[in-house]
Amino acid sequence: MERSTFISSLILLVFFLGFADAGSVGVNYGRVADNLPSATKVVQLIKSQGLGRVKVFDADPAVLKSLGGSGIKVTVDLANELLFKAAKQPSFAATWVQKNVAAYYPSTEIEAIAVGNEVFVDPHNTTKFLLPAMKNIHAALVKYNLNSAIKVSSPIALSALQNSYPSSAGSFRPELVELVFKPMFDFLRQTGSYLMVNAYPFFAYESNSDVIPLDYALFRENPGVVDAGNGLRYFSLFDAQIDAVFAAMSALKYDDIKMVVTETGWPSKGDENEIGATLENARSYNGNLVRRILTGGGTPLRPKEDLTVFLFALFNEDEKNGPTSERNYGLFYPNEDKVYNIPFTVEGLKNYHDSRSPVIGGQHATMTPVNGGNGGGVSKSTTGNTWCVANGEVGKEKLQTALDYACGEGGADCHSIQPGSTCYDPNTIEAHASFAFNSYYQKKGRQVGTCYFGGAAYVVTQPPSFGKCEFPTGY
């Protein structure tokens with residue numbers, strides 16, 4: 001298959017849209033295994049992949065020492081079992097910070113401390129100790145004059161939400177609002193920190209595969225789903241989950257607090273009842289997520305806020321308990337071979353493409369019809385044709401950049417959107433970009449990835465409607 005020309009053109013676009021404003025990708029380095037490489041080798045592996053951030057689940061001296069001088073930014077974890085002491089004994093918190101943070105900084109570029117992990121689902125009922133522990137850890141950082149450089153937060157699971165669908169109805173569990181969330185958000189605001197969130201679309205898909213299209217869960221091209229509460233259009237389950245948390249924060253008047261996704265991933269293997277746990281799906285989810293993050297842009301609810309995400313996890317960990325999937329989230333085998341090949345950098349995106357089926361037919365029939373912008377409704381295609389249109393929610397600047405590319409190096413036929421031509425009206429950036437994007441998409445034979453434009457476009461299955469302009473389905 002000769003696809004080099006198409007891939008080169010696509011990557012030029014990714015560079016145009018991704019360099020100026022982009023998020024960051026890191027990785028979780030878990031060690032619940034008996035066959036992993038030495039910490040020194042692991043640091044070399046992380047650097048060789050171009051990953052600039054790592055999150056560890058403890059503060060192991062060998063790991064922190066090996067990260068020294070690497071240039072990799074590090075998030076360390078204060079384990080749940082230490083929350084009681086850290087909350088009750090400020091001296092314990094101070095000693096922990098001295099031994100596990102101050103002793104290595106700045107050679108080891110520790111940027112954050114995760115106090116506990118998914119504390120609200122911890123069976124040992126450590127929730128009431130969380131905020132006092134966070135405050136004592138922060139006070140210790142102040143003592144060592146590290147509070148400006150190192151942030152304190154705590155990763156929450158999506159189970160902390162009372163409602164998550166639709167995203168606009170996102171809300172936190174009532175029993176946690178006054179007890180934890182309001183005072184924790186006040187703390188994050190006062191210290192200039194951010195909320196840490198662990199988000200796994202795999203779990204939602206596994207439990208609801210009869211109603212959630214796989215393409216929607218894997219960042220593949222799809223018609224999108226409109227949130228009936230706010231009218232925003234979603235093209236991935238990940239964005240919908242993140243915005244449910246943002247909506248829950250907004251409901252409590254904490255719109256100013258940012259977010260870091262401290263865990264997200266997809267297993268490459270699972271038990272028979274773990275629907276969707278396959279190597280192909282894991283590759284698609286993580287690869288498309290990296291592309292989504294590195295090409296910039298936030299979520300529909302916060303479109304201008306780029307995200308930092310930490311992939312879970314670096315290795316398959318053979319000593320983890322639970323279903324088969326728990327031992328198969330790794331990007332690498334313990335011998336450092338890749339489980340599957342995906343990029344972790346903008347440069348690496350040059351050689352990445354996701355294999356998938358066209359966005360037509362049955363699996364999109366369950367999705368909510370989309371109505372938005374100047375376009376018409378989107379429903380299941382009756383002809384088998386598909387078109388590419390602009391996503392107005394990314395903003396005029398990003399649409400203009402993509403439009404310039406499509407009409408320039410992309411080779412789209414843009415004569416019809418020139419002044420006086422048949423598709424000049426309506427004279428809007430969204431209408432013109434839609435025509436150009438569709439021209440590019442059709443000229444490329446509707447190949448996978450040709451209706452992406454860094455998130456500025458999406459596929460529809462009904463003819464777009466912009467004034468009297470007719471969109472072609474072939475060239």
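A nonpolar core is a set of buried Ala, Val, Leu, Ile, Met, Phe, Trp, Tyr and Cys residues joined through side-chain atoms within 4.5 Å, where buried means under 20% relative accessible area with a 1.4 Å probe, protein chains only (exposed is over 50%, partly exposed in between). This is a predicted model, in which local features need pLDDT of at least 70 and side-chain atom pairs count only at pLDDT 80 or more, while totals for chains, interfaces and linings use all residues. Residues are numbered from 1 along each chain as its sequence is written, and side-chain values use heavy atoms, with hydrogens and water left out.

**Nonpolar cores**
- The largest nonpolar core has 111 residues, of which Val101, Val115, Phe172, Phe181, Met184 and Phe185 touch the most other members.
- Helix 10 supplies the largest share of this core, nine residues; helices (H or I, at least four residues) and strands (E, at least two) are DSSP runs, numbered from the N terminus.
- Beyond neighbours within four places in sequence, Met184 is in contact (heavy atoms within 4.5 Å) with Leu130, Leu131, Met134, Ile156 and Leu195.
- A second, separate core of 31 residues includes Phe235, Ala406, Cys423 and Cys451.

**Gln241**
- Gln241 is part of helix 10, residues 237–251, and is buried at 11% relative accessibility.
- Residues up to four places away in sequence aside, Gln241 touches Leu158, Ala199, Tyr200, Pro201 and Ala204.

**Thr126**
- Thr126 sits in the loop between strand 4 (109–115) and helix 6 (127–143).
- The relative accessible area of Thr126 is 8%, so Thr126 counts as buried.
- Not counting residues up to four places away in sequence, Thr126 touches Asn80, Leu83 and Val119.
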